[in-house]
Amino acid sequence: MEPLFLKTGAGRNQRQRRFGEAVKVAAGPWGQIYARNPSNRIRSCDRHGCGHYGAPRLGGRKHLGMDVICRDRSTVYAPFSGIIGGPVNSYRKNNAINNGLFLRGSVWIKKGQKLGVMLPMQSVYPGMISHVPIVAAGQWAQICNGNPWNSIRGSDKYRCGYCGPPRNGRKHLAVIVKCQDGSGVYAPFSGLIVRYIKPFGNNNAIDDGILLSEVKTGSCIKLAFIRPLRSRGWIRKGSKIGVMLLMQSVYPDIISHVRIQNCDHSNPTGNL
């Protein structure tokens, strides 16, 4: 394996990360996450992959988090003071480690406060370096109530929700964010509601949406399958802008979702 390098700070030597070596990273503004890992060391490479940000994942994806080493059933602490937004599930299947927290919401926590206990990762991935995966939120706010990580719709009988798969001989240029029918929908950024849109133009039960413009950058998005609260005007990031329409009435058993497409047809996934 080719050696990788991690720069741990200005004026410090670069340390090599090779297979089997744990990378020691000086603790930044975050507190200690696991009692026996005072420097928040990142999981190195094992037979299941590597724990650093950007490491390759199945399907050609990149790892968008960092895996901080933590023994099974150990205490986990808050890395910063803030608020707990609710539970999250990292996997679509309910295995022994499919549980976690989204740090934003209604319950105040203090830096260093006990948050929970590390789940038995070895029971799911034998031989893996047990760890707590941490994924930072993208630049957009939560789009749908009940989906704090802006999770993308997986595959169902109506195809897939990520940007790029084929659609009737064309390329899918939007990203599909999971959203249950009737859920509140929020502004992903501060900007301007320009006008209503009709995604299909057939006036079915979900043929509604809005065009949003981000004034600072001049970019815009089409947000489809929602009933907007208004058709124009200024909005703030995170403010409620509509309600998810009844997608199940049009596409039974589909994973209900909102569709987001950049006006310039670029891939919006990185903003989530």
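A residue is termed buried when its relative accessible area is under 20%. The legends below apply this term to a predicted model.

**Figure 1. Overview of the predicted chain**. The secondary structure consists of 19 strands and zero helices. Of the 272 residues in the chain, 40% are buried. The chain exposes about 15,500 Å², of which carbon and sulfur atoms supply 52%. Among contacts between residues at least 6 apart in sequence, 59% join residues at least 24 apart.

Figure 2. I33 lies in the loop between β2 (15-17) and β3 (65-69). Beyond its neighbours within four places in sequence, I33 is in contact with N40, V68, T75, V76, Y77, P79 and I134.

**Figure 3. The disulfide of C45 and C50**. The sulfur atoms of C45 and C50 are 1.9 Å apart. The torsion about their S-S bond is about 105°, so the disulfide is right-handed. Both C45 and C50 are buried.

**Figure 4. The disulfide of C144 and C179**. The S to S distance between C144 and C179 is 2.0 Å. This link is right-handed, with 75° about the S-S bond. The pair links distant parts of the chain, 35 residues apart: C144 is in the loop between β8 (131-135) and β9 (166-167), and C179 is in the loop between β11 (175-178) and β12 (184-186). Both C144 and C179 are buried.

**Figure 5. The disulfide of C220 and C263**. The sulfur atoms of C220 and C263 are 2.0 Å apart. The torsion about their S-S bond is about -135°, so the disulfide is left-handed. This pair also links distant parts of the chain, with C220 in strand β15 (residues 219-224) and C263 in the segment after β19 (257-262), 43 residues apart. C220 is partly exposed, with a relative accessible area of 21%; C263 is likewise partly exposed, at 30%.

**Figure 6. Cysteine pairing in the chain, with a view of C70**. A search of the whole structure finds three disulfides. With the bonded cysteines numbered in sequence order, the pairing is 1-2, 3-4, 5-6. C70 has a relative accessibility of 1% and therefore counts as buried.

Definitions and conventions
Residues numbered from 1 in each chain as written. Predicted model: local features only at pLDDT ≥ 70, side-chain atom pairs only at ≥ 80, totals over all residues. Heavy atoms only, no water. Helix = DSSP H or I, 4+ residues; strand = E, 2+ residues; numbered from the N terminus. Contact = heavy atoms within 4.5 Å. Buried < 20%, exposed > 50% of the residue type's maximum accessible area, 1.4 Å probe, protein only. Areas by Shrake-Rupley, 256 points an atom, 1.4 Å probe, with all protein chains shown as cover. Disulfide = S-S within 2.5 Å.
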